[in-house]
Amino acid sequence: QVQLVESGGGLVQPGGSLNLSCAASGTMFRIYSMAWYRQVPGKQRELVAEVTSRGTTTYADSVKGRFTISRDNAKTTAYLQMNSLKPEDTAVYYCNRVPPFTIATTKGEYWGQGTQVTVSS
């Protein structure tokens, strides 16, 4: 059974930086495209950055040039370096496969607990 544990969130002032980590277990991490998603209450979860198994990266326009996604297959960990943070980056950040992992028994999507990022002065 897959397990994803996100960490590294917190409260930061506008213009600041954070580095998120996602430790994965119970899955063949290295063969999947992995992504960071974020969700604000009342809105749909959105994909902000993706890294393929070969290391190719893509970003949402809203974070391009400010966020950097990376992965360490040996550590089965994905990272999101976030610079020049803005108040509109405030959200709960999740990592997951692209497409998201599913739960074997319910066929629903599996999501970890996420990590809260708050950008405020």
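## Ground rules

Residues are counted from 1 along each chain as its sequence is written, and side-chain values rest on heavy atoms, with hydrogens and water left out. Because the model is predicted, local features need pLDDT of at least 70 and side-chain atom pairs count only at pLDDT 80 or more, while totals for chains, interfaces and linings use all residues.

## Overall build

The chain has 0 helices and 10 strands (DSSP runs, H or I of at least four residues for helices and E of at least two for strands, numbered from the N terminus). Its radius of gyration is 14 Å, close to the 14 Å that the globule rule gives for 121 residues, so the chain is as compact as a globular protein of that length. That radius is taken over C-alpha atoms, and the rule is 2.2 Å times the number of residues to the power 0.38. Along the principal axes, the C-alpha trace spans about 45 × 30 × 20 Å.

Buried residues account for 40% of the 121 (buried is under 20% relative accessible area, exposed over 50%, partly exposed in between, with a 1.4 Å probe and protein chains only). Take the contacts between residues at least 6 apart in sequence: 56% of them join residues at least 24 apart. A contact here means heavy atoms within 4.5 Å.

## The six-stranded sheet

An open sheet of 6 strands runs in the order β2-β10-β9-β4-β5-β6, with mixed pairing (two strands pair if DSSP finds at least two bridges between them). β2 (10-12) and β6 (57-59) sit at the edges with a single partner strand each, so one side of each has no neighbour in the sheet. From one strand to the next, the twist averages 25°; axes are lines fitted to C-alpha atoms, for helices over the stretch in contact, and angles run from 0 to 180 degrees between N-to-C directions.

Inside this sheet, β9 and β10 run antiparallel and are joined by 3 bridges. Tyr-93 stands opposite Thr-115 in β10.

## The β7-β8 hairpin

β7 and β8 are also antiparallel, with 6 bridges between them, and Ser-70 faces Tyr-79 of β8. The hairpin has 4 residues between its strands, and Thr-76 takes a positive phi near 45° there.

In a regular strand the side chains alternate between the two faces of the sheet. For β7, the covered face carries Phe-67, Ile-69 and Arg-71, and the uncovered one Thr-68, Ser-70 and Asp-72.

The largest nonpolar core has 28 residues, and Leu-4, Trp-36, Leu-80, Met-82 and Tyr-93 have the most contacts inside it. Such a core is a set of buried Ala, Val, Leu, Ile, Met, Phe, Trp, Tyr and Cys residues joined through side-chain atoms within 4.5 Å. β3 (18-25), β4 (34-39), β5 (46-51), β7 (67-72), β8 (77-82), β9 (91-97) and β10 (115-119) each supply at least two of its residues, and β3 gives the most, with 4. Apart from this core lies another of 5 residues, including Ala-35, Tyr-37, Val-92 and Tyr-94.

Beyond its neighbours within four places in sequence, Leu-4 has contacts that include Cys-22, Met-34, Cys-95, Phe-101 and Tyr-110.

## Tyr-110, a loop residue

Tyr-110 belongs to the loop between β9 and β10, and is buried, with a relative accessible area of 15%. Leaving out residues up to four places away in sequence, Tyr-110 touches Val-2, Gln-3, Leu-4, Asn-96, Phe-101, Thr-102 and Ile-103. Tyr-110 and Cys-22 are 88 residues apart in sequence and 14 Å apart in space, C-alpha to C-alpha.
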